[in-house]
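Visitor: I am new to this protein model and would like to learn how to read it. Could you walk me through a few of its features?

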Amino acid sequence: MTVSQHTAQENPELSKGIFAPYNDRRMVIMALIGFSCGIPLFLTASTLSLWLNQVGISYTKIGLISWVAFPYTIKFIWSPFVDRLKIPFLTKTLGRRRSWLLLSQISLILSIFALSQTDPTQNLTLTALFAICVTFSAATQDVTMLAYQVERLGREQYGAGEAMGIFGYRMGMLMAGAGALYFSEIMTWNQVYQVMALFVLVGVATTLLIKEPDPAHNKEAQKKEEAARKYLHERPILSPKIASIASWLYGAVICPFSNFMMSKGWWVSILIMLFYKFGDNLIGNMTNIFLVEVGYSKSEIASVSKIFGMATSILGGFIGGYLIARIGIIKALFIAAAIHGLSVLLFVLIANVGYDLDLLYLTIAVEHITSGMRTTALFAFQMTLVTPAYAATQLALLTSAVHFGRVATSSFSGLLVANLGWPSFFTLASGATIISLILVVLFAKIKGRDHKNTSFFNR
């Protein structure tokens, strides 16, 4: 029996073709919620920067405004409340995950609308404050959406579910990026942001219509929480109210992190989050500058890199989801990183050849397809690392590590270009992928010692 035949028998859906993993109503749900999650990203990044630039705000101040995205890197701080805190009326009516989704989406709409009412030329601080409110609400929605995916999908659906979520996310980014630019031609920036706030209603409608996942329980975690609760209530120095609060905080804050660190190889998984995109993080925001210096026009870069690139990224996401279904997450994680690292070398070719529009299309296609594959693999991998009962908190920790890796590394990109030149710069970024490959292999070996016969590591 061949490997492919064995895989088909193990999962009959795979024999039906590449679209089989996506033939599920839940995949549409992931795309719609992903769309809502994708809207805020550019509204507090490139779109906001353009708005500020067009009203005369200095480059220095625009650069400082980028710090409004900081809530994305620290969302693990309040994620325990997303996991455990009940929202009056909403939790009883909608359930734990849907109530937090709805609250974050309503907060997001109000924050974007409030941002639309500001005048950056009169009070830039107020604009920044409401932008932070947007990123805080968006980060909360992201955390809840990922937790919902973990509980609503089966392990074998993580790849396809994440691919659909990324598809929706990129559509939201496209709406808040290119869509906002088109709208700005016929209305004011304040009105553009009001329109963007309305698009979040897609997420609200989806949240109201979807099914609440069954609550996840972990018997070992419940025993620890109960033991802590009993211990604290038996302390005479603590009043019953203080003991109850302390035991709740123990279950909400301490248990998720201690539970995560009980898993073998947890420290390697954190390193993977930090370094899996190390090469891209080294490149930072230098790609557009490089392409302009080579001789490509801004319109060519917009058409090829943004619109065509977005389409190929989405295609790559679907390919990544199918690859996970075929060979498993670990192998997909390794292969996607390896071929994406090699794809970066095409920029070295551009640096040596010079202006060539066909070569740019080829480079963007290969780089974005492999990037989409890698992103799907990484987020699907994250879902396998968490305990469903603590999904929001543990996923927030992992995604925060990814964001921190990007922020901490990309600041060196300009210095590297200045000292190395473009060909060596992109060669270094390509070679940096080796770190992620070593970490993935290390993680597989550590886990494989206890799971030698599982399909997760041997498919």
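Predicted model: local features only at pLDDT ≥ 70, side-chain atom pairs only at ≥ 80, totals over all residues.

Visitor: How many salt bridges does the structure hold?

Guide: A salt bridge is a side-chain nitrogen of Lys or Arg within 4 Å of a carboxyl oxygen of Asp or Glu. The structure holds four of them. In one, Asp83 pairs with Arg97, with the closest N and O atoms 2.9 Å apart. That pair links distant parts of the chain, since Asp83 is in helix α5 and Arg97 in helix α7 (residues 96-116), 14 residues apart. Helices here are DSSP runs of H or I with at least four residues, numbered from the N terminus.

Visitor: With which other residue does Arg97 form a salt bridge?

Guide: Arg97 also pairs with Glu151, the closest N and O atoms being 3.1 Å apart. Glu151 lies in helix α8 (residues 124-152) and Arg97 in helix α7, so this pair ties together parts that are 54 residues apart in sequence.

Visitor: Are Arg97 and Glu151 buried or exposed?

Guide: Buried means under 20% relative accessible area, exposed over 50%, and partly exposed in between (1.4 Å probe, protein chains only). Both Arg97 and Glu151 are buried; for Arg97 the relative accessible area is 0%. Asp83 counts as buried too, at 1% relative accessibility.

Visitor: Which parts of the chain does the salt bridge of Arg374 and Asp280 tie together?

Guide: The side chains of Arg374 and Asp280 meet at 2.4 Å, N to O. Arg374 lies in helix α20 and Asp280 in helix α15 (residues 278-283), so the pair ties together parts that are 94 residues apart in sequence. Arg374 counts as buried because its relative accessibility is 4%. Elsewhere, salt bridges that share partners join Asp83, Arg96, Arg97 and Glu151 into one network.

Visitor: How many disulfides does a search of the whole structure find?

Guide: A disulfide is a pair of cysteine sulfur atoms within 2.5 Å. The search finds zero. For Cys37, the closest cysteine sulfur is in Cys133, 18 Å away, which is too far for a bond. Cys37 is buried, with a relative accessible area of 2%.

Visitor: Which residues form the nonpolar patch on the surface?

Guide: A patch is made of residues with over 30% relative accessible area and no salt bridge; like charges are joined within 9 Å, and nonpolar side chains (Val, Leu, Ile, Met, Phe, Trp, Tyr) within 5 Å. Here the members are Phe81, Leu85, Ile242, Ile245 and Leu249, with about 400 Å² of accessible area together. Such areas come from the Shrake-Rupley method with a 1.4 Å probe, and for residues only the protein chains shown count as cover. Helix α13 (residues 240-261) gives the largest share, three residues. Ile245, in helix α13, counts as partly exposed because its relative accessibility is 42%.

Visitor: Where is the kink in α9 centred?

Guide: The bend at a residue is the angle between axes fitted to the seven residues ending there and the seven starting there. In α9, a kink of about 30° is centred on Ala178.

Methods. Residues numbered from 1 in each chain as written. Heavy atoms only, no water. Helix = DSSP H or I, 4+ residues; strand = E, 2+ residues; numbered from the N terminus.
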